[in-house]
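Dear colleague,

Please find below the structure I promised to hand over. My notes on what was found in it follow directly after.

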Amino acid sequence: MNESGSMDSMYEIWFGEIKFPVAPAKIQTSINGNNKTVSLINESEVNQLKGTKLTDFSFDLMLPGARYPFAVYSDDGFQRPDYYLGVLEQLKTNRKPFKFKVLRHIFSGAPSFDTSLNVSLEDYKIIEDAEDGLDITVEIELKKYVKFGTKKIKIKKKVFQRSNVDTTKKKIVKSYTSKKGDTLLAISRKVYGIGNTNNAGAIYKKNKKKVDRALKSKFRGKFSKRIYTTALPAAVCLTIPARYDRLEGKIVKR
């Protein structure tokens with residue numbers, strides 16, 4: 001009321017599509033924190049700041065048992081208190097959220113704001129007092145509703161390869177023409193990716209006649225380590241065996 005006794009503002013309370021005839025005198029909105037206080041070993045305390053909990057609303061609703069000039073009814077007109085009690089019971093038993101709206105009408109033209117959000121009916125208490133006659137008061141507790149959902153995440157399976165398996169996609173070399181200064185060890189390193197006497201020995205066994213003829217030395221026909229480090233002349237066409245090779249003590253398929 002203003003100084004002249006006229007009404008400057010009016011409130012409307014809606015639960016879904018139902019408007020209650022008498023707005024509460026006050027609405028308490030509780031914005032609850034979720035922070036945590038932790039005690040340290042030196043007996044001091046620190047705060048862990050977290051997100052807020054769901055907002056709570058609490059207020060008293062008057063359900064008039066008779067027509068009053070201050071009550072504002074919807075298009076259906078006057079309804080007895082049991083009508084609104086049935087609405088509350090249905091909202092509670094349905095276990096579904098509904099739209100809670102507080103509409104504020106400021107007749108003086110001053111700026112205002114409305115409340116409109118999804119809530120759940122947590123609890124309500126019906127209070128009947130002989131002094132109130134046929135009127136009933138209901139204590140209401142609402143909680144802001146936030147939809148719960150799961151997010152689907154696609155996880156790509158990682159293919160693990162055995163560490164002793166060569167996973168390179170190099171082209172398999174079936175033949176090799178020596179270049180000036182090439183040795184069997186050097187050639188095995190080029191075609192197998194690693195050079196050792198096992199690889200060099202495999203190439204030598206496959207190309208024994210060619211290698212002996214090319215070297216024409218005292219090492220001809222002898223299975224000696226020195227033959228792997230002796231330079232071959234250029235343009236010797238060698239056949240590279242496709243077989244299991246013992247590389248660094250492990251069996252690896254080329």
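I begin with helix α1. The face of this helix turned away from its buried side carries the exposed residues Asp82 and Thr93. Please bear in mind throughout that this is a predicted model.

The buried residues of α1 are Pro81, Tyr84, Leu85, Val87, Leu88 and Leu91. They cover an arc of only 155 degrees around the axis, which places them on the same side of α1. After α1 comes arginine 95, with a positive phi near 55 degrees.

Turning to charged contacts, the model contains 4 salt bridges. Three of them may be described as follows.

- Aspartate 82 of the exposed face is joined to arginine 80 by a salt bridge of 4.0 Å, N to O. Both aspartate 82 and arginine 80 are exposed.
- Aspartate 182 is bridged to lysine 190, with 3.1 Å between the closest N and O atoms. Here aspartate 182 is buried, at a relative accessible area of 5%, whereas lysine 190 is partly exposed, at 48%.
- Lysine 208 and aspartate 212 form a salt bridge of 3.1 Å, N to O. Both belong to helix α4 (residues 208-215) and are 4 residues apart, about one turn of the helix. Lysine 208 is partly exposed, with 34% relative accessibility, while aspartate 212 is buried, with 7%.

As to the aromatic residues, there are 10 aromatic pairs. In one of them, phenylalanine 15 and phenylalanine 100 have ring centres 5.9 Å apart and planes at 80 degrees; the pair is therefore edge-to-face.

One aromatic cluster is formed by Phe15, Phe20, Phe57, Phe59, Tyr83, Tyr84, Phe98 and Phe100.

Finally, lysine 101 lies over the face of tryptophan 14, 5.2 Å from the ring centre.

With kind regards

Notes. Residues numbered from 1 in each chain as written. Predicted model: local features only at pLDDT ≥ 70, side-chain atom pairs only at ≥ 80, totals over all residues. Heavy atoms only, no water. Buried < 20%, exposed > 50% of the residue type's maximum accessible area, 1.4 Å probe, protein only. Helix = DSSP H or I, 4+ residues; strand = E, 2+ residues; numbered from the N terminus. Arc of directions from axis to C-beta. Salt bridge = Lys/Arg side-chain N within 4 Å of Asp/Glu carboxyl O. Phe/Tyr/Trp six-rings, centres within 6.5 Å; stacked < 30°, edge-to-face > 60°. Lys NZ or Arg CZ within 6 Å of the ring centre and 35° of its normal.
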